[in-house]
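Subject: Salt bridges in the attached model

Hello,

Here is the structure for your files, with notes on its salt bridges below.

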Amino acid sequence: MAEKIRIGIIGCGGIAEGKHMPSLAKLPNAEMVAFCDLIAERAEKAAEKYGSADAKVYVGEDSYKKLLEDKTIEIVHVLTHNTMHCPITCDALEAGKHVMCEKPMAVSASEAQKMVDAAKKTGKKLSIGYQGRHRADSQFLKAEAEAGTFGDIYYAKATAIRRRAVPTWGVFLDGEKQGGGPLIDIGTHALDLTLWTMDNYKPKFCVGTTFHKLNDQTKSGNPWGDWDPEKFTVEDSAFGFIVMENGATIYLEASWALNIIDSKEAVTTICGTKAGADMPDQGSLRINGVKNDKQYVLTPALSAAGVAFYEGSAESPADREARLWIDAVVNDKAPLVLPEQAFVVTQILEGIYKSAETGKPFYF
């Protein structure tokens, strides 16, 4: 392996610029050497800002295949719109690359299964960008779950509720390219965090509903400006009730636009036989239970601060995700997010969409 591991970026849009490229740029043992996008300006700008001295730019729909021909590239980050995750990831794995694919894993369980199979066949590592696992509150919660603090976790709530925060750029509102709206976009984070905390990946059936109630509204109060009702083809909110094989039950709620005051995104609530926990918001955690015949609430201090005029130097979830992912490849370790786990997330999301379509429970 080279002194610095060489990385190719496929898709140089918002999630690449907002998360992956800045975090990878901080790592001394990694360098971005190739940038691919449908829009030349985006790829060129990314290469200029984050690329190595010999960085190459690839532009066009199938140009990623040229990038994959470069045998010096060991890792590829797939950061495209959702419907392209499966074909590009499978091609990259077949080309001998390790792959970090942005969430959601795929738009269907069958596509997600193809990705799992390709990783197994090639022996290359595949992980999905669920950075919510890397937050301090999530890490603390997971450690407590593994320590048995909660006992048997039999009820949970996965929450990704926005009162008004509809993404009006890119292809977010395009059902054909995204495969869905808030359920597959932000609900996926909440569900992943919940399943991971419970360590339960065996769904039995689900019931789901999706709504298109606010899509046609204008003067919406949306922070990113009004959406175009004609282009808003995905749901504005979705809800699912999931029963696992062992009887554990999960309620999943997701929205981009909902007339509700209590907004919170990518958080979980869990209830077990010994204790429970909830996240009032991202970055905060409460653990509740009974000790010495008294109810208690434990609120861990998750901030890295504690000294006057010093805010701490805690690693961001995005930076931690990138560091641990590169470490997993370099040192041949399992990534934190396994493709088999992400497959179940996709499987459940698809089940909720199918239940909403048919009006019937969906059995896995």
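A salt bridge here is a side-chain nitrogen of Lys or Arg within 4 Å of a carboxyl oxygen of Asp or Glu. The model is a predicted one, where local features need pLDDT of at least 70 and side-chain atom pairs count only at pLDDT 80 or more, while totals for chains, interfaces and linings use all residues. Residues are numbered from 1 along each chain as its sequence is written, and side-chain values use heavy atoms, with hydrogens and water left out.

The structure holds 16 salt bridges.

Glu17 pairs with Lys49, with 3.0 Å between the closest N and O atoms. This links distant parts of the chain, 32 residues apart: Glu17 is in helix α1 (residues 14-25) and Lys49 in helix α2 (residues 40-50). Helices (H or I, at least four residues) and strands (E, at least two) are DSSP runs, numbered from the N terminus. Glu17 is partly exposed at 32% relative accessibility, and Lys49 is exposed at 53%. Buried means under 20% relative accessible area, exposed over 50%, and partly exposed in between (1.4 Å probe, protein chains only).

Glu31 and Arg6 form another salt bridge, the closest N and O atoms being 3.5 Å apart. Glu31 lies in strand β2 (residues 30-37) and Arg6 in strand β1 (residues 5-10), so the pair ties together parts 25 residues apart in sequence. Arg6 is buried at 14%, whereas Glu31 is partly exposed at 23%. Arg6, Glu31 and Asp54 are linked in a network of salt bridges.

Lys121 and Glu94 also meet in a salt bridge (3.4 Å, N to O).

Regards
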